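Morning, everyone. Please have the structure up on your screens.

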Amino acid sequence: DTIVEALILDLLEWVAKREPTYEEVMDAWRTSCPKLPGWEDANDRGLLKTQQINGRLVVHVTEQGLDLLKQRQSLA
């Protein structure tokens, strides 16, 4: 689905710029709409990871996610 794919790419760009906490990501990106599962799909595809840093759960884009972002930039 192109809409979900676009949401995933936007999510990856957002996370890559900020390295937000898990809570920040959930506040900004979680959706209860089953037709727009950007966060869930990105995790299922291994595009994001969470890591405990100084007592905080921080979200990062994985190498696979960075590769996807690079592909998007090369098409733009």
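In which helix does L12 lie? L12 belongs to helix α1, which covers residues 2-18. Keep in mind that this is a predicted model.

Next, is L12 buried or exposed? L12 is buried, because its relative accessible area is 0% and the cut-off for buried is under 20%.

Now its surroundings. Leaving aside residues up to four places away in sequence, L12 touches L47, L48, V61, G65, L68 and L69. Take G65 from that list. G65 sits 53 residues from L12 along the chain, yet their C-alpha atoms are separated by 6.9 Å.

L48 is worth a look too.

The largest nonpolar core holds 17 residues. L11, L12, V15, V25, W39 and L48 have the most contacts inside it. Two or more residues each come from α1, α2 (22-29), α3 (38-44), β2 (56-61) and α4 (63-75). The biggest contribution is from α1, with 7 residues.

Last, the helix pair. How do α1 and α4 pack? Their axes are 10 Å apart, at an angle of about 110°. So α1 is roughly perpendicular to α4. The crossing of the two is left-handed. On the α1 side, the contact uses E5, L9, D10, L12, E13 and A16. On the α4 side, we find G65, L68, L69 and R72. By class, this contact has 5 nonpolar, 1 polar and 4 charged residues.

Definitions and conventions: Residues numbered from 1 in each chain as written. Predicted model: local features only at pLDDT ≥ 70, side-chain atom pairs only at ≥ 80, totals over all residues. Heavy atoms only, no water. Helix = DSSP H or I, 4+ residues; strand = E, 2+ residues; numbered from the N terminus. Buried < 20%, exposed > 50% of the residue type's maximum accessible area, 1.4 Å probe, protein only. Contact = heavy atoms within 4.5 Å. Core = buried A, V, L, I, M, F, W, Y, C linked by side-chain atoms within 4.5 Å. Axes fitted to C-alpha atoms, helices over the stretch in contact; angles between N-to-C directions. Parallel < 35°, antiparallel > 145°, perpendicular 65-115°, else oblique. Left-handed = near helix turned anticlockwise from the far one by under 90°. Nonpolar A, V, L, I, M, F, W, Y, C, P; charged D, E, K, R; others polar.
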